[in-house]
Amino acid sequence: MNAPENGSGTYPALSLNVEGLACARGGRAVFGGLDFQAAGGDAIELRGPNGAGKSSLLRLLAGLLPPAAGAIVWTGGAETSRPALTYCGHRDPVKPWLTAREQLAWWRDLEGNGSVEAAARAMGIGPLLDVAGGLLSAGQRRRLALARLALAETPAWLLDEPSVSLDEDGAALLTAMIGRHRARGGLVVVATHQPTGLPHARTVNLGLDAPGGADGA
Amino acid sequence: MRPYLATFRRDLRFAVRHGADTAVVLAFFVVAVVLFPLGIGPAAETLAVIAPGVVWVAALLATLLSLDRLFAADFEDGTVDLFLTGRTSLLLVVLAKCAAHWLTTGLPLIVLSPVLAAMLHLPAAGYLMLALGLLLGTPVLTLLGAVGAALVLGARRGGVLIAILVLPLYIPVLIFGVLSVDAVIHAADPWPHILLLGAALLAGLVIAPPAAVLALRSAAE
C-alpha cells in the first residue's frame, strides 16, 4: 500500500511570455492585447466573468486554438517551443466502461509514468480503483481526471475550473498536488471563479471592462 | 510503442465490454444480405451472379454503421484534447485506433462472409477470393472511414453526413473487390484486381491517418 509518491526531481527551467495575445471565436473577438509573463514555480489564476475567454486562453496556451494575434512564447523545457503540458478541460475524459485503475493505467501508458496507486491516493480515490467510471459521482470523476496530473511528468499544467464539483477534501488534495508541482519548478495556470487559495498566485483578469492583464500579489 | 499498444488495448477492451456494438454491426451485415434472396427470389443462378456485389455492399454499409464509435466518444469527453496536447504522435494513435476498429469490425465481417456467400449460392471457387478481397479491402474501409468520422465530429446529423462523405470513396474498393471474385468464377485472372486492392490499402495507410489527424485538430478548435 505504501508505494512511493509519484514525481521527484525538478523540471527544466520554464518560462511563458504572452505578448499582445488576441482570441477570436467564430469571428467574434473574445479578448485582445493580453500580456503576461510566468515562470516555473508560478501559479496564474485566470479570472473573469462568463464568456471572458478563460477557457479559450487555456486552449490557446495548450496549442489547441491558434491565436488571432500576438504570440505565446515558451522557453526552456523541451526542445520544441511548447513544453510538455497537461491540459485538464472542463470535461472529464473518464470512460464509463473502464475502472479507475484501467483509466489511470492508460493515461500513464499514454503520457506519463509512475504508480497508479500513488496517483489515486494523491486525489483520495484509492478505495475506488476498481470501480467503473460510469458508477462514479461527478466529484469522484473529477478527482479521477485530476489524478492524471500525478502521473504526468509535465512542467506546465493548464486547469479549467478544476475545483468544480470537488468537495473541501478534494479541493485541499488538489491544492497540495499543485503545491508539490510548483515546488518542483512547475507552472500552473488555473481558470477559476472561486479564489484557489494557492499561495502567491498571480491573477490575470480577463473581462470586457478590463481588457489587459493585471498582476496582483 | 507503449502509448499506442495501450490505446489499441483500450479500444479492444471497449469492444469486448460493449459486445453489443459489434454484434449490431454483424447482425446488420447478415440481415442486409438475407434481404436479397427474399426480394429477388431463391433462383440459384440469379443469386450466384449478384452474390459478390451483395456481400461487398453489405460489408461497406456495415462498416459505415460502426464508424461513429471511432472518435465520437473520445471527442465528447475531451480525450481528443488529451491526444492533441500530449507528447504522443497523434498519427500513431489514429493508426492504433484504426487497427482496433478493423479487428473488431472488418475481421468478423470476413469470417462471416463465406457463410453468407454460400447462402447466395456463390460458386465455391469464389469463397477464397471473396475473403482475400475483404482482407485487403476492409482495412481500407476503416482507414477512409476514420477520415470521415473525424471530419463530422461536432456536426449535427453526423451519421448521415459520414455516409455521404465516405461512401463515394468506398467505390473503388467495391469495384475491385467484386471484379476479383467475378474473375475467379469465370476462370479469368483475379490478381490485377487484388493488386489494386493492395495498392489502395497502402495508399490508405499513408494518406488517411494524416488526414484524420488534420480533421481532429480542426474539430478541437
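Domain bounds, as I use them here, come from an automatic or database domain assignment. This is a predicted model, in which local features need pLDDT of at least 70 and side-chain atom pairs count only at pLDDT 80 or more, while totals for chains, interfaces and linings use all residues. Residues are numbered from 1 along each chain as its sequence is written, and chains are lettered from A and ligands numbered from 1 in the order in which they are written.

I looked up chain A and noted domain 1 (14-84 + 154-205) and domain 2 (95-145); the centres of these two domains of chain A, taken over C-alpha atoms, lie 24 Å apart. Counting a contact when the C-beta atoms of two residues, placed from the backbone, lie within 7 Å, I found 8 residues of domain 1 of chain A in contact with 7 residues of domain 2 of chain A.

I then turned to confidence: the predictor gives the complex an ipTM of 0.87 and a pTM of 0.91, and chain B averages a pLDDT (the predictor's confidence in each residue, from 0 to 100) of 94.

For chain B I recorded 10 helices and 0 strands, both being DSSP runs (H or I, at least four residues, for helices; E, at least two, for strands) numbered from the N terminus. The C-alpha trace of chain B spans about 55 × 35 × 30 Å along its principal axes. Among contacts in chain B between residues at least 6 apart in sequence, I noted that 80% join residues at least 24 apart.
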